[in-house]
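Here is a short report on one protein chain. Please keep the sequence and the 3D view open while reading.

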Amino acid sequence: EPGKGTTFKVYFPRAEADIQSVKEDKSSEGSIKGTETILVVEDDDMLREMTVETLRKYGYEVVEARNGDEALRASNQHEGAIHLLLTDVVMPGMSGSALAERLRSERPDTRVLYMSGYTDNAVVHHGVLAEEVDFIQKPFSSEDLARKIRLILEDNKEESAGRQDPDKADR
């Protein structure tokens, strides 16, 4: 009502059966843990910190950056492999896809997972990303993120195992 605000009333049906507690199934949690290094690039400080904390909880080594330029500097300073780039699609300055292109020119084995608050359809249809890229929509749960990352990294291991070393192929 104008000048008075809005009131919502939500009515739930009375439960007929006894309520049973539901225990979280943590049996699959071990299968989504990892030890690889992930570069997290997110301009929203709170979301980046939460994502970094989540990934560390699952065992990953994490390098973090606020934007594309900072991510490239962090990559250059990091001596080991960066197995996965987890980057926001839309950021001030350099976009996630431009960052991925530049990073993969220096680190071709780095996998990329894009994240965005926009749906994957919206991102693809507006020409921001190609259809075949790995994508997770915000907001996402910790477990969904860890599961998606594990899937991408395991897929990379299978691809690498299937490739032959060109120098050994002729022997």
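## Basis

This is a predicted model, in which local features need pLDDT of at least 70 and side-chain atom pairs count only at pLDDT 80 or more, while totals for chains, interfaces and linings use all residues. Residues are numbered from 1 along each chain as its sequence is written, and side-chain values use heavy atoms, with hydrogens and water left out.

## The sheet

An open sheet holds 5 strands in the order β2-β1-β3-β4-β5, with parallel pairing. Strands (E, at least two residues) and helices (H or I, at least four) are DSSP runs numbered from the N terminus. Two strands pair if DSSP finds at least two bridges between them. At the edges are β2 (61-65) and β5 (134-137), each pairing on one side only. On average, neighbouring strands of this sheet are turned by 20° against each other, direction ignored.

Strand β4 spans residues 111-116. It runs parallel to β5 and is joined to it by 4 bridges. Tyr114 stands opposite Phe135 in β5.

## Helices on the sheet

Helix α1 (residues 45-57) packs on the sheet. It touches β1 (37-41), β2 and β3 (84-88). Contact means heavy atoms within 4.5 Å. The direction of α1 makes about 170° with that of β2. Helix α2 (residues 68-77) lies across β1 and β2, at about 140° to β2. Angles run from 0 to 180 degrees between N-to-C directions, and axes are lines fitted to C-alpha atoms, for helices over the stretch in contact.

## A cis proline

Lys138 and Pro139 are joined by a cis peptide bond, with omega about -10°. Pro139 sits in the loop between β5 and α5 (142-162).

## Nonpolar cores

The largest nonpolar core has 19 residues. Such a core is a set of buried Ala, Val, Leu, Ile, Met, Phe, Trp, Tyr and Cys residues joined through side-chain atoms within 4.5 Å. Leu55, Leu86 and Ile149 touch the most other members. Two or more residues each come from β1, α1, β3, β4 and α5. The largest share, 5 residues, is from α5.

Ile149 touches Ile38, Leu55, Tyr60, Leu84 and Leu113, leaving out residues up to four places away in sequence. A second, separate core of 18 residues includes Val63, Leu72, Val89 and Leu99.

Ala71 belongs to helix α2. Its relative accessible area is 0%, so Ala71 is buried. Buried means under 20% relative accessible area, exposed over 50%, and partly exposed in between (1.4 Å probe, protein chains only). Beyond residues up to four places away in sequence, Ala71 touches Leu39, Val41, Ala65 and Leu99. Ala71 and Thr87 are 16 residues apart in sequence and 9.5 Å apart in space, C-alpha to C-alpha.

Thr110 lies in the loop between α3 (96-106) and β4. Thr110 counts as buried because its relative accessibility is 2%. Apart from neighbours within four places in sequence, Thr110 contacts Ile82, His83, Leu84, Leu85, Leu103 and Arg104.

## The second largest pocket

This pocket holds about 160 Å³ of space. A pocket is an open set of points on a 1 Å grid over the protein atoms alone, where a 1.4 Å probe fits, with protein on both sides within 12 Å along at least five of seven lines; lining residues have an atom within 4 Å of a point. Grid points are joined across faces, edges and corners, and the volume is the space filled by probe spheres set on the points.

The lining consists of Ala100, Arg104, Arg111, Val112, Tyr114, Glu132, Val133 and Asp134. Strand β4 gives the largest share, 3 residues.
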